[in-house]
Amino acid sequence: MTERLPRLTPADLDEAQHAVYQAIAGGDRAKGVQHFPLTATDGSLHGPFGIMLHAPGVGLALQALGAAVRFGTDLTPRIREIAILQTAHATGSTFEWWAHERVGRAAGLTDPELTALSLGSFHSADPAEEAAATFVTTLLTSATVTDAEFATASDVLTDRQLIDLTVLVGYYRTLAQLMTVFAVGTPTD
């Protein structure tokens, strides 16, 4: 399927779109080691980031939320990537899986762990990772979190971590839906 929005290069951008582009391509995502490319060879943004340029008011806020859930939570890098990959698997988001499998490896996820995540059957001997994965599964498969499920998660995870996980799952679900609606998959260049 062909992408439903034109890919915008830096030369195509108005002032508001340029602000979104700079926040993404010049922000925290672009610092340090790059585990996946943010831009194509023509400078257009890959994945959900290119979509954000088409609605810069929402795009700027959405990318800021994304930066917060990637770089400003109280989650370990492994727990963050486990939750992102669980969400990618549950939503069928090929781009998020493609991008975050790489980030997950850098965070220490092993091939067997990645395989388990790709099958929706991840478990960990680490109590915090197991509690987080179970909580994320609940978020992804149920319309509500019962008192018992919340209490079980709260026995291991802090209130802040539960908030961080809930927002992270919602954010990556939003990205998956954007990419489904606008037919954005994994990069080809």
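1. Is Val103 buried or exposed? Val103 is buried, with a relative accessible area of 5%. Buried here means under 20% relative accessible area and exposed over 50%, with partly exposed in between (1.4 Å probe, protein chains only). Val103 sits in helix α5. Helices are DSSP runs (H or I, at least four residues), numbered from the N terminus, and strands are runs of E with at least two.

2. The ground rules come next. This is a predicted model, in which local features need pLDDT of at least 70 and side-chain atom pairs count only at pLDDT 80 or more, while totals for chains, interfaces and linings use all residues. Residues are numbered from 1 along each chain as its sequence is written, and side-chain values use heavy atoms, with hydrogens and water left out.

3. Back to Val103. Neighbours within four places in sequence aside, Val103 is in contact with His35, Phe36, Arg70, Arg80 and Glu81. Contact means heavy atoms within 4.5 Å. Glu81 is 22 residues from Val103 in sequence, and their C-alpha atoms are 7.2 Å apart.

4. Ala99 also lies in α5. Ala99 counts as buried because its relative accessibility is 0%. Between Ala99 and Pro37 there are 62 residues of sequence separation, against 8.6 Å in space, C-alpha to C-alpha.

5. Now the pairing of α4 with α5. The two helices pack at an angle of about 160°, with their axes 9 Å apart. Axes are lines fitted to C-alpha atoms, for helices over the stretch in contact, and angles run from 0 to 180 degrees between N-to-C directions. α4 and α5 are therefore roughly antiparallel to each other. The bands are these: under 35 degrees is roughly parallel, over 145 roughly antiparallel, 65 to 115 roughly perpendicular, and the rest oblique. The crossing of α4 and α5 is left-handed, meaning that the near helix is turned anticlockwise from the far one by less than a right angle; clockwise would be right-handed.

6. Which residues of α4 and α5 meet? From α4 come Arg80, Glu81, Ile84, Leu85, Ala88 and His89, and from α5 come Glu96, Trp97, His100, Glu101, Val103 and Gly104. By class, this contact has five nonpolar, three polar and four charged residues. Ala, Val, Leu, Ile, Met, Phe, Trp, Tyr, Cys and Pro count as nonpolar, Asp, Glu, Lys and Arg as charged, and the others, Gly among them, as polar.

7. α4 also packs with α6, at an angle of about 35° and with the axes 8 Å apart. Arg78, Ile82, Leu85, Gln86 and His89 of α4 make this contact with Glu113, Leu114, Leu117, Ser118 and Leu119 of α6. By class, there are five nonpolar, three polar and two charged residues.

8. Helix α6 covers residues 111-119, and its buried residues are Glu113, Leu114, Ala116 and Leu117. Seen down the axis of α6, these fall within an arc of 160°, so they line one face of the helix. The arc is that of the directions from the helix axis to the C-beta atoms. What covers the buried residues includes α4 (77-91) and α5 (94-106). Pro112 and Leu119 are exposed, on the face of α6 turned away from its buried side. Just after α6, Gly120 takes a positive phi of about 75°.

9. Leu62, Leu65, Gly66, Val69 and Arg70 of α3 meet Val167, Leu168, Tyr171, Tyr172, Thr174, Leu175 and Leu178 of α9. By class, this contact has nine nonpolar, two polar and one charged residues.

10. Check Ala183, in the segment after α9. Its phi is near 55°, a positive value in a residue other than glycine. Most residues other than glycine have a negative phi. Ala183 counts as buried, at 12% relative accessibility.

11. Leu157 belongs to the loop between α8 (147-154) and α9. Leu157 is buried, with a relative accessible area of 4%. Neighbours within four places in sequence aside, Leu157 is in contact with Ala128, Ala131, Ala132, Leu162 and Leu165.

12. Last, Gln17 in helix α1 (residues 15-25). Gln17 counts as buried at 12% relative accessibility. Not counting residues up to four places away in sequence, Gln17 touches Leu8, Asp12, Leu53, His54 and Pro56.
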